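Trainee: I am new to this structure. Please take me through it in questions and answers.

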Amino acid sequence: MELSQPFNITSSRYYRLLVKAYMSRLWWLYALPFIAIIVTGAILSDVRFLFLLLIYAFIVVPMAFTFALINYGLHPVSRYSILLKRATVNADSIEFHFVDDDGNVKSSAKVIWNEVARIKATSEELLLQLTESGYRFIAIPYTAFSSPEQLKDFLRILSAPN
């Protein structure tokens, strides 16, 4: 099966999906020190903990969050979602053909179905989450499919035992 019309998602949409996946799992990692600073400051009745809280909120958290997003967002697999591409789907893999604005193929990449851990549907796209990390995924917008039947065929191929 071929998804012949070029498709992609915007980089801002990709990062929104990445932030949502990351924060839904690791929100507590950022909240725990925040709560600990508040509790310690309240117990010790020391205003200096307010400064620690401000440093944590405005320096430490944004820096840690940025490093995490750079780590996941700049992985080579991330470009699979953002670049304009066509896809060829068969029983054992999906092959992406990255195209320029004129429709000329510039490069290709192949993802074997064994590398896909699960499929997650959002309101605008299918997310193929890869086995190497829960934050590595390929987004395929629903607009890539020419009809609902083509989407069903795609999901059927994915769910078939390999």
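**Confidence, helices and selected residues**

Mentor: In the protein chain of this predicted model, mean confidence is lowest in strand β1 (residues 2–7), at 81, and highest in strand β7 (residues 137–141), at 91. Helices (H or I, at least four residues) and strands (E, at least two) are DSSP runs numbered from the N terminus. Residues are numbered from 1 along each chain as its sequence is written, and side-chain values use heavy atoms, with hydrogens and water left out. Since the model is predicted, local features need pLDDT of at least 70 and side-chain atom pairs count only at pLDDT 80 or more, while totals for chains, interfaces and linings use all residues.

Trainee: What pLDDT does the protein chain average?

Mentor: pLDDT is the predictor's confidence in each residue, from 0 to 100. In the protein chain, 97% of the residues score at least 70. The average for the chain is 87.

Trainee: Are α1 and α2 roughly parallel or roughly antiparallel to each other?

Mentor: The axes of helix α1 (residues 11–44) and helix α2 (residues 48–73) come within 10 Å and cross at roughly 160 degrees. Axes are lines fitted to C-alpha atoms, for helices over the stretch in contact, and angles run from 0 to 180 degrees between N-to-C directions. Angles under 35 degrees count as roughly parallel, over 145 as roughly antiparallel, 65 to 115 as roughly perpendicular and the rest as oblique. α1 and α2 are therefore roughly antiparallel.

Trainee: How many residues of the contact of α1 with α2 are nonpolar?

Mentor: Ala, Val, Leu, Ile, Met, Phe, Trp, Tyr, Cys and Pro count as nonpolar, Asp, Glu, Lys and Arg as charged, and the others, Gly among them, as polar. In the contact of α1 with α2, no residues are charged and three are polar. The nonpolar residues number 23.

Trainee: Is Ser45 buried or exposed?

Mentor: Ser45 lies in the loop between α1 and α2, and its phi is near 50 degrees, a positive value in a residue other than glycine. Buried means under 20% relative accessible area, exposed over 50%, and partly exposed in between (1.4 Å probe, protein chains only). Ser45 has 65% relative accessibility, so it counts as exposed.

Trainee: Which side chain makes a polar contact with the side chain of His75?

Mentor: His75 is in the loop between α2 and α3, and at 23% relative accessibility it counts as partly exposed. A polar contact is a pair of N or O atoms within 3.5 Å; within protein, one must be able to donate a hydrogen and the other to accept it, and residues adjacent in sequence count only if both atoms are side-chain atoms. At 3.4 Å, the partner of His75 is Arg136.

Trainee: Where is Arg136?

Mentor: With 11% relative accessibility, Arg136 counts as buried. Its place is the loop between β6 (125–130) and β7.

Trainee: What distance separates the C-alpha atoms of Glu95 and Glu2?

Mentor: Glu95 is in strand β3 (residues 93–99) and is partly exposed, with a relative accessible area of 26%. Along the chain, Glu95 and Glu2 are 93 residues apart. Their C-alpha atoms are separated by 9.5 Å.

Trainee: How far apart in space are Leu130 and Leu54, C-alpha to C-alpha?

Mentor: Leu130 is found in strand β6 and counts as buried at 6% relative accessibility. Leu130 and Leu54 are 76 residues apart in sequence. In space, C-alpha to C-alpha, they are apart by 37 Å.
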